[in-house]
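Please find below a briefing on a single protein chain. The points that follow the display are grouped by topic.

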Amino acid sequence: MYFFLSNLSFLDLSFSTVTVPRTLVNFLSQSKTISFNDCVTQFFFVHFIGGAECFHLTLMAYDRYVAICHPLRYTTIMNRTVCLLLVVSTWLGGFTHACAQSFPIAQLSFCGPNELDHFFCDSHTLSLLSCSDTFISEVADMANSGTLALICFLGVFISYAYIICTILKIRSAEGRRKAFSTCASHFLVVILFFGPCVFLYMRPSVVFAADKQVSVFYTIVTPLLNPCIYTLRSEEVKKAMKRLGGKKSFLGTNMN
């Protein structure tokens with residue numbers, strides 16, 4: 001589990017790194033320009049890391065399935081070699097997704113005015129600026145994103161269906177509580193990440209007023225919240241926070 005969490009943390013850090021520095025530069029400088037090559041590169045890495053994170057969250061759902069439904073065989077099934085291969089496959093899946101997304105966008109022509117109404121380069125805003133036919137790129141965008149979303153959704157749904165069936169068979173209330181607690185963090189992260197992505201990419205190239213706010217949520221806010229969600233579920237972190245709170249109360253009493 002911690003091996004997968006460390007990879008998720010790296011993905012979150014990389015995801016924010018692709019968009020946040022350029023956004024900060026645009027806020028702090030008068031020049032808010034980006035070259036076409038830089039724009040396509042940013043677009044590629046947004047979908048590369050975003051696609052890898054989608055697959056990785058699906059992989060973590062499978063990991064929770066094995067841990068809860070096959071606890072005695074967990075270390076045998078999810079051994080070090082298997083975990084490494086599964087993580088590598090998520091990165092390869094993200095790379096394939098990014099290539100399929102970027103190639104049609106790179107073929108578009110832009111005649112001007114080339115002003116992006118967004119804080120990073122994305123498919124909808126680029127398609128609206130193009131003066132060439134965007135039908136193929138839009139179809140490829142929806143088909144690619146749809147396939148990715150379908151694979152990840154089915155993976156998460158099937159995993160949690162088996163998990164819920166297994167949890168309901170546990171006789172003790174404490175056992176059911178611990179099992180649900182094990183999955184709660186991951187399920188919350190899945191909702192926070194997949195929700196905005198479905199809203200943005202599972203539709204035609206139509207720009208809504210809320211698109212930028214939703215994009216901020218899944219590119220900046222969600223990666224920021226993920227460490228908090230997972231660490232606050234850890235018993236060791238809870239105990240450390242209680243000890244810290246006790247020391248502060250003791251210090252305040254002595255000062256009074």
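S9 is partly exposed, with a relative accessible area of 44%; buried denotes under 20% relative accessible area, exposed over 50%, and partly exposed the range in between, using a 1.4 Å probe and protein chains only. S9 belongs to helix α1, residues 2–28, and its C-alpha atom is separated by 7.9 Å from that of N226, 217 residues away along the chain. The model is predicted: local features need pLDDT of at least 70, side-chain atom pairs count only at pLDDT 80 or more, and totals for chains, interfaces and linings use all residues. Residues are numbered from 1 along each chain as its sequence is written, and side-chain values use heavy atoms, with hydrogens and water left out.

**Overall architecture**

- The protein chain contains 9 helices and 0 strands; these are DSSP runs numbered from the N terminus, with helices (H or I) of at least four residues and strands (E) of at least two.
- Along the sequence, the elements follow the pattern α-α-α-α-α-α-α-α-α.
- Of the 256 residues in the protein chain, 41% are buried.
- Taking contacts (heavy atoms within 4.5 Å) between residues at least 6 apart in sequence, 75% join residues at least 24 apart.
- The protein chain exposes about 14,700 Å², and carbon and sulfur atoms supply 70% of that area; accessible areas come from the Shrake-Rupley method with a 1.4 Å probe, and for residues only the protein chains shown count as cover.

**Annotated transmembrane regions**

- An unreviewed UniProt entry places the feature "transmembrane region" at residues 40–62, 82–103, 148–168, 180–202 and 214–232; the positions are given in the numbering used here, feature names are shortened, and annotations may be inferred rather than shown by experiment.
- Residues 40–62 are 100% helix and 0% strand, with the end C-alpha atoms 33 Å apart.
- Residues 180–202 are 96% helix and 0% strand, and their end C-alpha atoms lie 30 Å apart.

**Cysteines and the disulfide**

- The count is 1 disulfide, defined as a pair of cysteine sulfur atoms within 2.5 Å.
- This disulfide joins C39 to C121, with an S to S distance of 1.9 Å, and the link is left-handed, at -125° about the S-S bond.
- C39 lies in helix α2 (residues 36–69) and C121 in the loop between α4 (80–106) and α5 (123–129), so the pair ties together parts that are 82 residues apart in sequence.
- Both C39 and C121 are buried.
- C83 is buried as well, because its relative accessible area is 10%, whereas C99 counts as partly exposed at 33%.

**Salt bridge**

- The count is 1 salt bridge, a term requiring a side-chain nitrogen of Lys or Arg within 4 Å of a carboxyl oxygen of Asp or Glu.
- R64 pairs with D63 in a salt bridge, the closest N and O atoms being 2.9 Å apart.
- R64 is buried, with a relative accessible area of 8%, and D63 is buried at 2%.

**Nonpolar surface patch**

- L150, F153, L154, F157, I158 and Y162 form a nonpolar patch on the surface, with about 640 Å² of accessible area together.
- Patches consist of residues with over 30% relative accessible area and no salt bridge, like charges being joined within 9 Å and nonpolar side chains (Val, Leu, Ile, Met, Phe, Trp, Tyr) within 5 Å.
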